[in-house]
Amino acid sequence: ACFVAGMLMLGSRTLPEAEVDPRWEPTAVGLTDTCYQFYKRSPSGLSPEQFLFDLDKQPPDDMIIHNGAPQNLLRPEAAEA
């Protein structure tokens, strides 16, 4: 879920340093890029509800729109991240 990136970044910037895992910010950056790719790679420009990841393929062929969920429910997580 794309909201996790924003949650990790917010936590890394607002919690006391002793409570912050140093992996949060790089993980948030990677998740945000993946969320962006959901929109960029979709023919409509809207992210579908589900993508499948094919770990044996290289970008841009590694993400496939799931046949059972091509719709977009207009969630704000990408903007939040």
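In helix H2, the buried residues are Ala28, Cys35, Gln37 and Phe38. Everything described here comes from a predicted model.

First, the overall layout. The chain holds 3 helices and 2 strands, and going along the sequence they come in the pattern α-α-β-β-α. Of the 81 residues in the chain, 22% count as buried.

Helix H1 covers residues 3–14, which makes 12 residues. H1 has its own set of buried residues: Ala5, Gly6, Leu8, Gly11 and Ser12. Helix H2 runs over residues 24–41. With 18 residues, H2 reaches 25 Å from its first C-alpha to its last, close to the 26 Å expected at 1.5 Å a residue.

How do H1 and H2 sit relative to each other? Two packed helices are described by the angle between their axes and the distance between the axes. Here the axes of H1 and H2 come within 8 Å and cross at roughly 155 degrees. Angles over 145 degrees count as roughly antiparallel, so H1 is roughly antiparallel to H2. As for handedness, the crossing of H1 and H2 is left-handed.

The loop between H1 and H2 contains Arg23. Arg23 has a relative accessibility of 57%, so it counts as exposed; the cut-off for that label is over 50%. Although Arg23 and Leu8 are 15 residues apart in sequence, their C-alpha atoms are 9.3 Å apart in space. Leu8, for its part, is one of the buried residues of H1.

Next comes the disulfide. Is the disulfide left-handed or right-handed? The torsion about the S-S bond of Cys2 and Cys35 is about 110 degrees, so the disulfide is right-handed. Both partners are tucked away by the cut-off of under 20% relative accessible area: Cys2 counts as buried at 16% relative accessibility, and Cys35 is buried with a relative accessible area of 2%.

Searching the whole structure gives 2 aromatic pairs. In one of them, Phe38 and Phe51 are stacked, with 4.9 Å from centre to centre and 15 degrees between the planes. Phe38 lies in helix H2 and Phe51 in strand E1 (residues 51–53), so this pair ties together parts that are 13 residues apart in sequence. Phe38 is buried, with a relative accessible area of 15%, and Phe51 also counts as buried, at 12% relative accessibility.

Phe38 also pairs with Phe53. The centres of these two rings are 6.1 Å apart and the planes make an angle of 50 degrees, so the pair is tilted. Why tilted? Planes under 30 degrees apart would count as stacked and those over 60 as edge-to-face, so an angle in between gets the tilted label. This pair, too, connects helix H2 with strand E1, because Phe38 lies in H2 and Phe53 in E1, so it ties together parts that are 15 residues apart in sequence. Phe53 is partly exposed, with a relative accessible area of 47%.

The loop between E1 and strand E2 (63–65) contains Pro60. Is the peptide bond from Pro59 to Pro60 cis or trans? Most peptide bonds are trans. The bond from Pro59 to Pro60, however, is cis, with omega near 5 degrees.

How values were computed: Residues are numbered from 1 along each chain as its sequence is written. This is a predicted model: local features need pLDDT of at least 70, side-chain atom pairs count only at pLDDT 80 or more; totals for chains, interfaces and linings use all residues. Side-chain values use heavy atoms; hydrogens and water are left out. Helices (H or I, at least four residues) and strands (E, at least two) are DSSP runs, numbered from the N terminus. The expected span of a helix is 1.5 Å times one less than its number of residues. Buried means under 20% relative accessible area, exposed over 50%, partly exposed in between (1.4 Å probe, protein chains only). Rings of Phe, Tyr and Trp (its six-membered ring) pair if their centres lie within 6.5 Å; planes under 30 degrees apart count as stacked, over 60 as edge-to-face and the rest as tilted. A disulfide is a pair of cysteine sulfur atoms within 2.5 Å. Axes are lines fitted to C-alpha atoms, for helices over the stretch in contact, and angles run from 0 to 180 degrees between N-to-C directions. Angles under 35 degrees count as roughly parallel, over 145 as roughly antiparallel, 65 to 115 as roughly perpendicular and the rest as oblique. A crossing is left-handed if the near helix is turned anticlockwise from the far one by less than a right angle, and right-handed if clockwise.
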